[in-house]
Amino acid sequence: MNTKHHGNHHREVELQHGKLHVFANDEVYSQLGEKVYEMADNNLRIPRNVHMSYTPDAHVGIGTCIGTTAVWEMKDGFVSPSIVGSDIGCGMRVHLTGLSHDDIRSKAVRRSMIQAVEKFVPVHERSTSQYKDIQLEDVVRKGLRGLPLRYVPQDTGKNRFLTHVEHDRFQLDARYLDQIPEKMWKRAWGQLGTLGGGNHFIEFQRVEIRESQRDVAEAWGLFDGQIIVMIHSGSRAWGAMMGARYVKDFKQAMNMWGVGTPDPNLVYAPIQSDVGQQYINLMYSALNFAVTNRHMIAYGVREGLKRVFGEDFEMPVLYDLMHNYALQETHRKRGMLVHRKGTTRALPAGHHMNAIPYKKTGHPALIPGSMGTASYIMVGEKGGEKNFYSICHGAGRVRSRRATKELISVDAFSQSMKVGTENEILVNHRMLHTILDECPQAYKDVDQIIDSVEGAGLASVVAACKPLAVIKGV
């Protein structure tokens, strides 16, 4: 492989079928294995690619690496479910509180917070929605605008509710919804407002503001020692159904067209084809479900915490954004379909795509660590243009779930969570072995990931957020 160094943790790797941009510091770059380049080269076989890159959290996925940004022009480009991922619309949400660290320093208080939230946010895989007045069809068609107004926090009002998110509604042709089987409507409705398993979580964190970005932090309502709520979840069964169904449909179409790649899990189709349009429209329905699901999880968290801190407790939303999707955006004065699989959009101050409240500052980019390490709130820099304003979506796995269970002991996991000390990071699971595959040792060093992003000039840290208590699904 020929590699061109652009400096600032940016390399351009010449592969057989095209160019791959890699944003990583020397340490992270040296740990990328041959498989990630093989997968990138397969992806680059898709014709007329405009841009493909890896962020530093890149690791092997199904068909495409997590940590991939891939771009095609709308007029003659391609869409790939493989470069969107199975958990369509998976993303992050952060809510502010007026609490400080001293308010929840006691482990007893933090334990009561976990228990209270679990009464309102189902954490088991099979759940039945408690929100009987929400119509799922309204949600998947209209996103947040499809919710009854009683679920809009009164302290923020409708305007903030709809503008402190990446998108409150993804427009789609609702006729495609007629293709969804009845059993899926029932299953998905029962999961609205639920967390899901795997790496999804609700986490209570303590804010530490980066001095160089204090003005931005204060404009966003952040302060040192503040307690915030970070939520990570996606579109649950609704999005998973899209992934499984359209991989099959795309394969059939590719066979008919006589095209393919060496990886049977990598599928694609022209954006303007029938199967491409079906996927894009139903993907947008999954994005609507995902942003609404995170909103309803937050609604449940707020209702639970009112039982601990009183009926006046409020937690306004800071921001909500995704890291698994393909979205039409304007870049270089042209319409582009930007795929982000495990990458986060980070727009700088003044960018036209910023949500209204963040036009002057740029929007918060929410980057989780692992349950034993810091997460970060960042803001995009103008240098992010070279990567279509994409940054990492987290630390990124360093080993598989199976390998983690084989190599990491429960004792090592326990030590990383400071179990038994005053600084213990509390978890809702009483037996750590049940979530061993999500231990901090399963992930890359998030500080190295953040260093890579900052060094590449893609984004800057506004605040580090230290974990105090975690709720995981099963």
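**Entry 1**

I began with the UniProt record, an unreviewed entry, which places a "binding site" feature at Asp87 and His200. These two span 114 residues in sequence, yet no two of their C-alpha atoms are more than 11.0 Å apart, so they gather at one spot. I note that the model I am reading is predicted.

I looked up Asp87 and found it in the loop between strand 6 (78–79) and strand 7 (91–100). Its relative accessible area is 17%, and because buried means under 20%, Asp87 counts as buried. Leaving out residues up to four places away in sequence, I listed His200, Gly234, Ser235, Arg236 and Asn324 as what Asp87 touches.

His200 I located in the loop between helix 6 and strand 8. His200 is buried as well, at 8% relative accessibility. With residues up to four places away in sequence not counted, His200 touches Asp87, Cys90, Leu195, His232, Ser233, Gly234, Ile471, Lys472 and Gly473.

His232 sits in strand 9 (residues 226–233), and at 4% relative accessibility I put it down as buried. Apart from neighbours within four places in sequence, I found His232 in contact with Cys90, Gly91, Met92, Leu195, Asn199, His200, Phe201 and His323.

His323 belongs to the loop between strand 11 (317–322) and strand 12 (324–331). Its relative accessible area is 3%, which is buried. Neighbours within four places in sequence aside, the contacts of His323 are Cys90, Gly91, Met92, His232, Arg340, Lys341, Gly342, Thr343, Thr344 and His393.

**Entry 1. Strand 19**

Next I turned to strand 19 (residues 459–472), where 13 of its 14 residues are buried. With which strands does strand 19 pair, and in which sense? I went through the partners in turn.

- Strand 8 (residues 201–209) pairs with strand 19 in the antiparallel sense over nine bridges; I noted Val207 with Cys465 as its bridge partner.
- Strand 16 (residues 375–380) runs antiparallel to strand 19 and is joined to it by six bridges; there Val379 stands opposite Ser460.
- Strand 18 (residues 426–427) pairs with strand 19 in the parallel sense over two bridges; Val427 stands opposite Val470.

**Entry 2. Gly193**

I returned to the loop between helix 6 and strand 8 to look up Gly193, which is found there. Gly193 counts as buried, with a relative accessibility of 2%. I took the C-alpha to C-alpha distance from Gly193 to Val123: 9.7 Å in space, for two residues 70 apart in sequence. Beyond its neighbours within four places in sequence, Gly193 is in contact with Val121, Pro122, Asn293, Met296 and Ile297.

Is helix 2 (residues 34–43) enclosed or open? I found seven of its 10 residues buried, so helix 2 is largely enclosed by the rest of the structure. The buried ones are Val36, Tyr37, Met39, Ala40, Asp41, Asn42 and Asn43. I traced what they pack against: strand 2, strand 3 (18–23), helix 1 (26–30), strand 4 (51–59) and strand 5 (66–73).

From strand 2 (residues 10–15) I picked out His10. His10 is buried at 9% relative accessibility. Setting aside neighbours within four places in sequence, I recorded Lys4, His5, His21, Val22, Phe23 and Lys386 as the contacts of His10.

**Entry 3. A surface patch**

Last, I looked at the outside. Met256, Trp257 and Val259 form a nonpolar patch on the surface, and together they have about 320 Å² of accessible area. I placed Trp257 in helix 8 (residues 236–257). At 39% relative accessibility, Trp257 counts as partly exposed.

Note on methods. Residues are numbered from 1 along each chain as its sequence is written. This is a predicted model: local features need pLDDT of at least 70, side-chain atom pairs count only at pLDDT 80 or more; totals for chains, interfaces and linings use all residues. Side-chain values use heavy atoms; hydrogens and water are left out. Helices (H or I, at least four residues) and strands (E, at least two) are DSSP runs, numbered from the N terminus. Buried means under 20% relative accessible area, exposed over 50%, partly exposed in between (1.4 Å probe, protein chains only). Contact means heavy atoms within 4.5 Å. Patches are made of residues with over 30% relative accessible area and no salt bridge: like charges are joined within 9 Å, nonpolar side chains (Val, Leu, Ile, Met, Phe, Trp, Tyr) within 5 Å. Accessible areas come from the Shrake-Rupley method with a 1.4 Å probe; for residues, only the protein chains shown count as cover. A salt bridge is a side-chain nitrogen of Lys or Arg within 4 Å of a carboxyl oxygen of Asp or Glu. Two strands pair if DSSP finds at least two bridges between them. UniProt positions are given in the numbering used here, feature names are shortened, and annotations may be inferred rather than shown by experiment.
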